[in-house]
Amino acid sequence: DGLLERIEKMGEESKLEAERMREDNSPDSIKMSMNFMVKQIDALLGDGAASKIFEKRTINFFDVLDVLTYIKDSIIEFQSEKISKYSPNRVQRRSK
């Protein structure tokens, strides 16, 4: 799958995970969510990516959330840069 497909799949799975969290108030709920987020990091960056990122550290919920936020922000920035290259002003400048 390409990056866009992986992002779409992650969005769908994240909605289901959020619903599960709303319904599950057990102590294991946070751990299950962390495992879900670690799997999402691997899905986006490749198998074993989360292990490499957190190699010699104890993983906590906020660290995993920070990594996912960083990935999301990087993807948005990349998309914005790509889209700006094809803005109407650029097309007009190239046609002169």
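Residues are numbered from 1 along each chain as its sequence is written, and side-chain values use heavy atoms, with hydrogens and water left out. Because the model is predicted, local features need pLDDT of at least 70 and side-chain atom pairs count only at pLDDT 80 or more, while totals for chains, interfaces and linings use all residues.

Let's begin with the fold. The protein has five helices and zero strands, where helices (H or I, at least four residues) and strands (E, at least two) are DSSP runs numbered from the N terminus. Along the sequence this reads α-α-α-α-α. Confidence is highest in helix α3 (residues 49-53), at a mean of 94, and lowest in helix α5 (residues 88-95), at 61. Where pLDDT is low, the predicted coordinates should not be read in detail.

Next comes the interior. Of the 96 residues, 22% count as buried; buried means under 20% relative accessible area, exposed over 50%, and partly exposed in between (1.4 Å probe, protein chains only). The largest nonpolar core has 15 residues, and Met37, Ile41, Phe54, Val64, Leu68 and Ile71 touch the most other members. Such a core is a set of buried Ala, Val, Leu, Ile, Met, Phe, Trp, Tyr and Cys residues joined through side-chain atoms within 4.5 Å. Helices α2 (28-45), α3 and α4 (61-85) each give two or more residues to this core, with α2 giving the most, six residues.

Isoleucine 71 is a handy place to look at contacts (heavy atoms within 4.5 Å). Leaving aside residues up to four places away in sequence, isoleucine 71 touches Ile41, Leu44 and Leu45. Across the protein, residues 24 or more positions apart account for 52% of the contacts with a separation of 6 or more.

Now for the aromatic rings. Rings of Phe, Tyr and Trp (its six-membered ring) pair if their centres lie within 6.5 Å; planes under 30 degrees apart count as stacked, over 60 as edge-to-face and the rest as tilted. The count comes to one aromatic pair. The rings of phenylalanine 61 and phenylalanine 62 have centres 5.5 Å apart and planes at 90 degrees, so they are edge-to-face. Phenylalanine 62 is exposed, with a relative accessible area of 57%.

Finally, visit lysine 9 in helix α1 (residues 3-23). Lysine 9 is partly exposed, at 47% relative accessibility. Its C-alpha atom is separated by 9.5 Å from that of alanine 43, 34 residues apart along the chain.

Notes: pLDDT is the predictor's confidence in each residue, from 0 to 100.
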